[in-house]
Amino acid sequence: MRHLMHRHLGKIVAGAALALTGTAAMAAITLPSDAGAADDRGSGSRPAAAGAPAPGRDGGPPPPGVVEKAPAQGERGTGRDPLTDDELRRAQDLALPRTLRGAAAADVTGKPGPERLTTDLVELTPAEAQLADPPRRARVSFYDYRSDSYLTTTVNLTTSTVESADTQHGVQPPPGHDEAVEAARLLIAAPLGAGLRQDYRDATGHDLTGPDPLAVTGFVYRGRAEGEAPGALGDCGKHRCVRLFTKIKNGRWIDTRRFVIDLSARTVARLG
């Protein structure tokens with residue numbers, strides 16, 4: 001019995017030590033980062049006395065926030081700086097051939113000119129990375145709904161020249177925001193969108209007549225590359241087809257994942 005009592009007391013003491021250790025760890029985590037630190041600004045200020053009210057709590061409202069103006073952005077970034085607004089405009093202008101700016105190409109809504117997808121800064125080669133002023137390049141991608149083709153162009157922003165251009169068919173990059181919104185517009189207007197319209201009315205009490213009240217994210221559906229693609233879905237992969245995650249803005253999700261919107265043919269089909 002004496003031996004058992006010693007073992008029991010040992011467990012209690014060990015448990016108390018662990019509890020104290022845990023409490024100390026929690027206190028260390030929840031304390032502000034500057035708590036107890038000496039002020040190194042030379043202002044002579046001292047930590048507030050214990051129990052003093054914190055600004056914005058019992059001591060009154062906090063001072064109003066100040067919105068600072070964004071610093072002026074130059075025309076050209078340096079090194080691995082993100083592309084500036086001016087560089088984005090120049091890259092897209094250089095990448096888009098004059099022949100594709102008219103009716104020879106079409107965006108997701110059918111307007112002249114291909115659908116712009118992405119504009120990204122291109123990585124430097126190891127040799128270029130050693131230069132004091134390395135070149136700035138951008139890769140711009142488009143989707144042309146007139147020919148169902150994926151266009152990628154690399155431009156040198158330092159020399160204002162096109163270094164390479166490529167056109168591919170049957171390649172389906174992730175859809176952009178404008179494409180997802182247009183897909184939602186087609187689904188809402190289609191007979192198969194009746195369930196989406198009803199779910200929206202049940203949730204809000206209002207009719208859904210367009211995509212504005214929805215937050216939508218699109219993802220590519222490649223048809224037979226993903227398995228069975230019956231009927232109207234047989235052209236997906238060659239055509240630009242998307243599925244949607246759909247949410248009411250500031251509201252609930254509505255499941256639309258089984259619908260496939262063919263943006264090339266402007267039709268809607270259902271999986272399964």
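## Basis of the description

Because the model is predicted, local features need pLDDT of at least 70 and side-chain atom pairs count only at pLDDT 80 or more, while totals for chains, interfaces and linings use all residues. Residues are numbered from 1 along each chain as its sequence is written, and side-chain values use heavy atoms, with hydrogens and water left out.

## Overall make-up

The chain has five helices and nine strands, where helices (H or I, at least four residues) and strands (E, at least two) are DSSP runs numbered from the N terminus. Along the sequence these elements follow the pattern α-α-β-α-β-β-β-α-α-β-β-β-β-β.

Of the 272 residues in the chain, 33% are buried, a term that means under 20% relative accessible area, as against over 50% for exposed and in between for partly exposed (1.4 Å probe, protein chains only). The chain exposes about 17,600 Å², of which carbon and sulfur atoms supply 56%; accessible areas come from the Shrake-Rupley method with a 1.4 Å probe, and for residues only the protein chains shown count as cover. Among contacts (heavy atoms within 4.5 Å) between residues at least 6 apart in sequence, 52% join residues at least 24 apart.

## The disulfide

A search of the whole structure finds one disulfide, defined as a pair of cysteine sulfur atoms within 2.5 Å. It is formed by cysteine 236 and cysteine 241, whose sulfur atoms lie 2.2 Å apart, and with -85° about the S-S bond the link is left-handed. Both partners are buried, cysteine 236 with a relative accessible area of 5% and cysteine 241 with one of 1%.

## Helix 2 and its cover

In helix 2, which spans residues 85–95, the buried residues are Glu87, Ala91, Gln92 and Ala95. Seen down the helix axis, these residues fall within an arc of 130°, so they line one face of helix 2; the arc is that of the directions from the helix axis to the C-beta atoms. Their cover includes strand 1 (115–121), strand 2 (137–144) and strand 3 (149–156).

## Glycine 113

The loop between helix 2 and strand 1 holds glycine 113, which is buried, with a relative accessible area of 8%. Leaving aside neighbours within four places in sequence, glycine 113 is in contact with Leu100, Arg101, Gly102, Ala105, Ala106 and Asp107. The C-alpha atom of glycine 113 is separated by 8.7 Å from that of leucine 96, a residue 17 residues apart from glycine 113 along the chain.
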